[in-house]
Amino acid sequence: MRITIFGTGYVGLVSGACLADAGHHVVCVDVDENKVARLREGHIPIYEPGLEPIVHHNVEAGRLSFTTDADEAVAHGELQFIAVGTPPDEDGSADLQYVLAVARTIGSRMEDYRVIIDKSTVPVGTADKVAVAVQEELDKRGKKLDFDVVSNPEFLKEGAAVNDFMKPDRIIVGVESDRAKELLREAYYPFNRNHERMIYMDVRSAELTKYAANAMLATKISFMNEIANLAERLGADVEHIRRGIGSDPRIGYHFIYPGCGYGGSCFPKDVKALARAARAIDYEARLLDAVEDVNDAQKHVLFDKLNHHFKGDLKGKTIALWGLAFKPNTDDMREAPSRTVMESIWKAGGQVQAFDPEAMEETQRIYGDQAGLHLCGTKEQALKNADALVICTEWKEFRSPDFELIAKNLSHPVVFDGRNLYEPEMLTRRGLTYYAIGRGLNQ
Ligand code: NAD
């Protein structure tokens, strides 16, 4: 099939590459000329395991191409996916300007039937707005053409995006026309062969399904962080509690890890957007507001522990920081807890020596020549002449470090672990003071 994808970010690029790998002919279009030029030269702008070979292979096979030319893009695909950003507006609601700009681009150029598919995470009612925008452009041109708008939210996880797209748990399709439904079924057939993964529903339910999924996951995290904070104050260990409750199949082990707060491009923005959408219809989403509040506070917990340990005097202190990305296996730093920690340290007059296996370039791009930030080539370099170590991301390579080396390098042998990576005894045995999240017995 001929498919066009607007947006070559995490979702657009992964979707485009995977759909091409399944045999479709895919054109990816982006307004970012620099990104498209680099993609054409074979450079993948994001770190995502397994993505690079798939892009290269399908470009070479002639099934995947990149362009900034909207005419070419709209002419190409009967299916037109919208995978552009939906960042939070000033009040937290989803900013639809990019989605609606694409709708107008399609409406002002289409010459034949098109299925317009919202893959971006968008509030309930967006498909209607997209349809209006397309129709207005058609009316301006005096064209009478059929089109359908479908909601097909994306559930891939950064860090495992290719695998998630290739072997999805489910493919949600909100569709109210048989013609569009048939085309979507065909497009996803290669991903749906072994067992039925397609779940069809009305458009508004599909739009809300995506927000509900992210809000549920964020709720699990904030809930566990709340329990961790209680455990800490009550002299209990949240790691025992996690195993204790996860063994109940109604609860399960997934997504109940306490930590220094969730970040990334999706959970913070989607929880906020859903809460704002609720407010707009005079419904107070108290649980969603609490999930967000708990998370905002949790991002400060590591710094508070650090500050407390140094009795409020971080001026001139150098803190080694391991892990900048908001989670492992990505270079994405959007809303990462590491940013809250670093910014608080700078505000208190301290310095940061930071290392991340993949997010160094991104950190440089965000913070440039920020005073008090030193980017280090290895995790060991970050320890040199530092006063303490803070860990913000649970990268595999941080899981069994050389504790003796840590103890030897730090002027104050103390570790602040935002991801509960270690058994407390492992550190205390080596003379390290260990602060984790919710491990009250050891604080
Ligand atoms: P992103 O910011 O990485 O990429 C968006 C891309 O769209 C950018 O390259 C931008 O230049 C491009 N763009 C903007 N306007 C355009 C236009 N008019 N025409 C063509 N391209 C345009 O965003 P992302 O992380 O890929 O997210 C996209 C959407 O998917 C969001 O709604 C997000 O919430 C949702 N989503 C993201 C993830 C994730 O893990 N990142 C997962 C599921 C859903």
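User: In this predicted model, how many of the 14 residues of helix H11 are buried?

Analyst: The criterion is a neighbour count: a residue is buried if 20 or more other C-beta atoms lie within 10 Å of its own. Ten of the 14 residues in H11 are buried, so the helix is largely enclosed by the rest of the structure. Among them are Phe-267, Pro-268, Val-271 and Leu-274, but also Lys-269, Asp-270 and Lys-272.

User: What covers the buried residues of H11?

Analyst: The cover includes helix H9 (203-234) and helix H12 (286-298). As for its span, H11 covers residues 267-280 and reaches 20 Å from first to last C-alpha, close to the expected 20 Å. After H11 comes Asp-282, with a positive phi near 60°.

User: How do I read the sheet, and in what order do its six strands stand?

Analyst: Strands of a sheet pair through backbone hydrogen bonds, either parallel or antiparallel. Here the pairing is parallel and the sheet is open, in the order E11-E10-E9-E12-E13-E14. E11 (373-375) and E14 (433-435) are the edge strands; each has a single partner, so one side of each lacks a neighbour in the sheet. On average, neighbouring strands are turned by 20° against each other, direction ignored.

User: How many bridges join E9 to E10?

Analyst: Five bridges join E9 (residues 318-322) to E10 (residues 351-355). In one of these pairs, Ala-320 has Gln-353 in E10 as its bridge partner.

User: Which strands does helix H13 touch, and which does helix H14 touch?

Analyst: H13 (residues 301-309) packs on the sheet against E9, E12, E13 and E14, with its direction at about 160° to that of E13. H14 (residues 337-347) touches E9, E10, E11 and E12, and its direction makes about 175° with that of E9.

Terms used: Residues are numbered from 1 along each chain as its sequence is written. This is a predicted model: local features need pLDDT of at least 70, side-chain atom pairs count only at pLDDT 80 or more; totals for chains, interfaces and linings use all residues. Two strands pair if DSSP finds at least two bridges between them. Helices (H or I, at least four residues) and strands (E, at least two) are DSSP runs, numbered from the N terminus. Axes are lines fitted to C-alpha atoms, for helices over the stretch in contact, and angles run from 0 to 180 degrees between N-to-C directions. Two residues are in contact if their C-beta atoms, placed from the backbone, lie within 7 Å. The expected span of a helix is 1.5 Å times one less than its number of residues. A residue is buried if 20 or more other C-beta atoms lie within 10 Å of its own, exposed if 12 or fewer, and partly exposed in between; C-beta atoms are placed from the backbone.
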